[in-house]
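Q: I am new to this structure. Please take one close look at a single part, and connect it with what lies around it.

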Amino acid sequence: MKPFTYERAVDAAQAVRAVASTPGARFIAGGTNLLDLMKLYIEQPTHLVDVSRLPLAGIAATSEGGLRIGAMATNSQVAAHPQVRAHYPVLTGAIVAGGSGQLRNKATTGGNLLQRTRCAYFYDTTKPCNKRIPGSGCSALEGLNRNSAILGASPACIATHPSDMAVALVALDATVEVLLASGAQRSLPVADLHRLPGDTPHVETDIAPGELITAVVLPPPPKGAQAYRKARDRASFAGGLASVAVAGGQVALGAVAHKPWRASAAEAALRAGASPREAMDAELAAAEGHERNAFKIDLVGRMGVAILSQNAEDRA
Amino acid sequence: MSDQRATLADWAKPNPVTDNRSGLIGKAVDRYDGPAKVTGTAAYAFEVETPSPALYGILVTSRIAKGRITAVDTASAEAAPGVRLVWTHLNIPETFADPEGKVGFAKTHFPLFRDDRVRFFAEPVGLVVADTFENAVAAAQLVGFTYEVEGPATSMDTALDQGEIPTGDPDLEMGDFEAAFAASPVRVDGIWRTPVINHCQMEPHATVAWWEGDVCVTHTSTQVLKRSQVYVSSTLGIPQDKVRVFARYIGGGFGGKVMNHWDLILAPLAARALSQPVKITFTRHQMFHATVHRPGVTQEVRLGANPDGRLTAISMMTWSHCDSAGVFTEPASRFARNLYAAPVRRMGLRRVRLDLPPPGPLRSPGEAPGMMSLECAMDELAEQLGMDPVELRIRNEPESDPETGKPFSTRQLVRCMREGAQRFGWDRRAPVPGQVRDGRWLVGMGMAAAVRGSAILPAKAGMGVDADGVVTLSQAMTDIGTGSYTILQQIAAETMGVPLEQVSVNIGLSDLPPAPGSGGQFGAVTAGSAALAAGMSLRKALAQLAAEDPDSPLHGGPAEAATFQDGMIAIGNRSERLSALVSRAAPDGVYREAASGPAADQGAWDRRSYGAQFAEVGVDTVTGEVRVRRMLGVYAAGRILNAKTARSQLTGGMIWGVGAALTEGNYPDPRYGSFVSQDLASYLAPTHADIGELEAIMLDEEDPKANPLGAKGVGELGIAGSPAAIVNAVHNACGLRVRDYPVTPDKVLAHWKSNPLPLAARGRGVR
């Protein structure tokens, strides 16, 4: 990897100042994605600010009846937390469907949200990719695009967001708390954190350079059943072909778009009394397949219907 | 050396291994090299300590698949921190092509960087050596190649008519196939396709090299030490005895390390140029292109049968891809010459040249992909006939080799199938697909036969005993994780009548008596037979020593009557400890070498190992995901040398069968000529979670016509047929026949779009 300098942050304010004031600086926490990308020269930070030891790993109830998860809590800690397991089983289910045990032990909540796509052409630096080199083109569009997006894609990029955890967070209406370089804080819904590719697929989130995710806040759990289901080519350590998170009447889809996909149209249809099939059809009306990934439309539809039907049966 | 001309009659005589008086042969002995490996003290090639600080080399690989290098800019790389050397085709020292062209399966490798042509994607075109690994990697990024790009040919199926018949592999034609097939009342006729499979060894190819005067010392990751030694000496143009190749520990080979690659030449070259040790490893990404892989195979299988199930005509033609100058052909249809009886037969191999990286052998070349078509075709035939798949195979069991008429040395395929069916609960299989439901899963069972050859090759070994009574087995043999160390320890201990702890196994160095290494599941029987021969020679020497030594209690006894047990040498009721004899009569130790190899009259017999594979799968009625619930393999592979390592070999093969059936494959992007998966996150080898219950049963068998041990290979048998058993189980679960491997959810869903789910899968409870 390209030589870089490194510092270990002692507090969050200093960390954001350090990144904001150093051109090419990046935060590093678990490093499970960043280090891979650095070894391939896809990411070439000049300076790393290690935030993994900041006291941001707590998980505590909020006064609103929800849960505040520190950004440095590892995926394993969150998935195993008694409050999460009891009240947000969709989140536990999503997290343990991602990566491997070793990765989940290292990966943090904040880092999981900011991980980058697994599109093979993004990883192959001999190929055009608008994410790596804006304007170079999208190799997946006419390539081996079996894992690519079916919703919200653009001619510039058909990559998907790889996180399972984020799909559950979107279904749960979670928000992220962000510390700005100025020391101010802001929060935004996880659903608004990631962008669709448009013609700037290299800009993946609404987090500006130097801004640090400090926590994820879950509102009180919605009424109704929760479930996470992921289809994949092998039983572990594989990106999803498609996934569905359901929390009460809230539905999100994974591995189908450049961001965790809140299925608002399906939710609206369900509220209006539609059947699960009709609801999924409404959601997927705008879905568009490419040469090798059109099956994902059928797949995620079937998964959504099955999981929503089961919830309906359980209510009956 | 008399064993070179041994006969089957010699092999039929009792020997210490077949007598097995101490019971060490076959015992589930723990691995000899286990403690070193689990404590991290086993040094793999890249980790070997060098006599002086090492430099680090990184290969620079081409960014295109086909074309010409028009310009090279090495200035910034040469100026980068710590860089000691940058080589391209413009300035690499002279190397030589292997004169016989036999060293590499891909002759395009030799000599290195020979011209400005690029022949496949990620072909090594440059080398950077620096003071640290990190500086070498960083500088390698700075080497600038300008290319004139040509469009690569990557599609085999549009070039099948250009398939070449490999030299020495003519088609088999027995009878008029087309006529017999047309006249057959029942027929199966299909095309199956298996994709490129990568080896994915845990340890990448790596070499560390230094020079001691004019002697080149290398530690490398190789399956065949002698081949590596020849490769280095012929490519560098130095005598063989000036090359020492070490490979004490090898982190997986699977056929990919039968041939060697750029690291093994460039490290010595650079070490010579810089007068310092040099380490070179392939990166994980480079492993996917710049080594070898199992080629994709297009397979046409046509079966004709009578209503009673007897095959009347069988044809299997297979095409595999090869690089522009390579010689490797996947022998995917070869096993079909032997497996089933049918009076009319046609088999052939074709090689199609594409601009893809060179292919090479991967665990069970031929059978592994080839049985994925024929054994599914047999399942389809059984379905058409309304016959049990086991019964169909029994009905087509040949009495002798269907091609040559040679008798089988042993062939317990039928017993494997019957025993497997009974143990697996095959009678509970519903003959009609789609009948068994478990929650959201449709459940099915499938089976397939397994066959793999069993060769013994010429080899030598040395056996010595020192004044402490420690027996040392010496051989230029490799252990690629299979258990060679352990079975050689067992054979040495049993032959010399000493406990296991009293045996030292010295392998992994080309200086030692030559053996053909690990590959083709000939390793254990070949190396082990030579070890037995060396032990017999040593026994004879020790018996003579004792009989002729006036101070020995055995003095004057008939040397040929000596026995060896419990660390003692005995003649009649007179005995003494080996250590006592050697320390007194030959304090420097006694050492003998001997050779073994095929028997003179062995060729009259057809010798193979056999098995039966059973699988139970679930098919998710919502997602089309297939998961293996249970697998059982029952094998007849001669005498089992170590119940534990043999079982690991067999189950390891079965696990790879899960990958071949369900998850694994690599695919060239036709625009770029590169494979899409280039790391272990995107190339989907099976994980623990993909494997359900898994059992391998080994039948009692001895095959004295295979080799003096009566053993046969197990390293490759487990993968033969196991993918077909899984895919046949998928059909039994849900009615789907997939002929394009692997069976992924998209293919299952496509089937359900045109074929409604079986009745059992409909209605409530689908989740």
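A: Start with burial: a residue is buried under 20% relative accessible area, exposed over 50% and partly exposed in between, for a 1.4 Å probe and protein chains only. The model is predicted, so local features need pLDDT of at least 70 and side-chain atom pairs pLDDT 80 or more, while totals for chains, interfaces and linings use all residues; side-chain values use heavy atoms, without hydrogens and water. Residues count from 1 along each chain as its sequence is written; chains are lettered from A and ligands numbered from 1, in written order.

B:Gly82 has a relative accessible area of 27%, so it is partly exposed. B:Gly82 sits in the loop between helix H4 (75-78) and strand E3 (83-88) of chain B. Helices (H or I, at least four residues) and strands (E, at least two) are DSSP runs, numbered from the N terminus. What does B:Gly82 touch, not counting residues up to four places away in sequence? The partners are B:Val129, B:Ala130, B:Asp131 and B:Asn135. Here contact means heavy atoms within 4.5 Å. B:Thr132 belongs in this picture too. In sequence, B:Gly82 and B:Thr132 are 50 residues apart. In space, their C-alpha atoms are 7.2 Å apart.

Now to the aromatic rings. Rings of Phe, Tyr and Trp (its six-membered ring) pair if their centres lie within 6.5 Å; planes under 30 degrees apart are stacked, over 60 edge-to-face, the rest tilted. By this rule, there are eleven aromatic pairs over all chains. One of them joins B:Tyr32 and B:Tyr485. Their ring centres are 5.4 Å apart and the planes stand at 15 degrees, so this pair is stacked. The two tyrosines come from distant parts of the chain, 453 residues apart. B:Tyr32 is in the loop between helix H2 (16-19) and helix H3 (34-38) of chain B. B:Tyr485 is in helix H14 (residues 484-496) of chain B. B:Tyr485 has 5%, so it counts as buried.

B:Trp656 is buried, because its relative accessible area is 10%. B:Phe254, at 29%, is partly exposed.

The backbone of B:Phe254 deserves a glance. Its phi is positive, about 60 degrees, although B:Phe254 is not a glycine. B:Asp566 is also not a glycine, and it has a positive phi of about 55 degrees. B:Asp566 occupies the loop between strand E21 (563-565) and strand E22 (568-571) of chain B. At 54% relative accessibility, B:Asp566 is exposed.

Helix H14 leads on to another loop. B:Gln502 is found between H14 and strand E20 (503-507) of chain B. With 18% relative accessibility, B:Gln502 counts as buried. Its side chain reaches the backbone oxygen of B:Gly469 at 2.6 Å. For such polar contacts, the rule is a pair of N or O atoms within 3.5 Å; within protein, one must be able to donate a hydrogen and the other to accept it, and residues adjacent in sequence count only if both atoms are side-chain atoms. Neighbours within four places aside, B:Gln502 is in contact with B:Asp468, B:Gly469, B:Val470 and B:Val471.

B:Tyr741 and B:Pro742 are joined by a cis peptide bond, with omega about -10 degrees. B:Pro742 lies in the loop between helix H18 (722-734) and H19 of chain B. In H19(B), B:Asp746, B:Leu749, B:Trp752 and B:Lys753 meet residues of H13(A). The partners on that side are A:Phe295, A:Asp298, A:Leu299 and A:Arg302.
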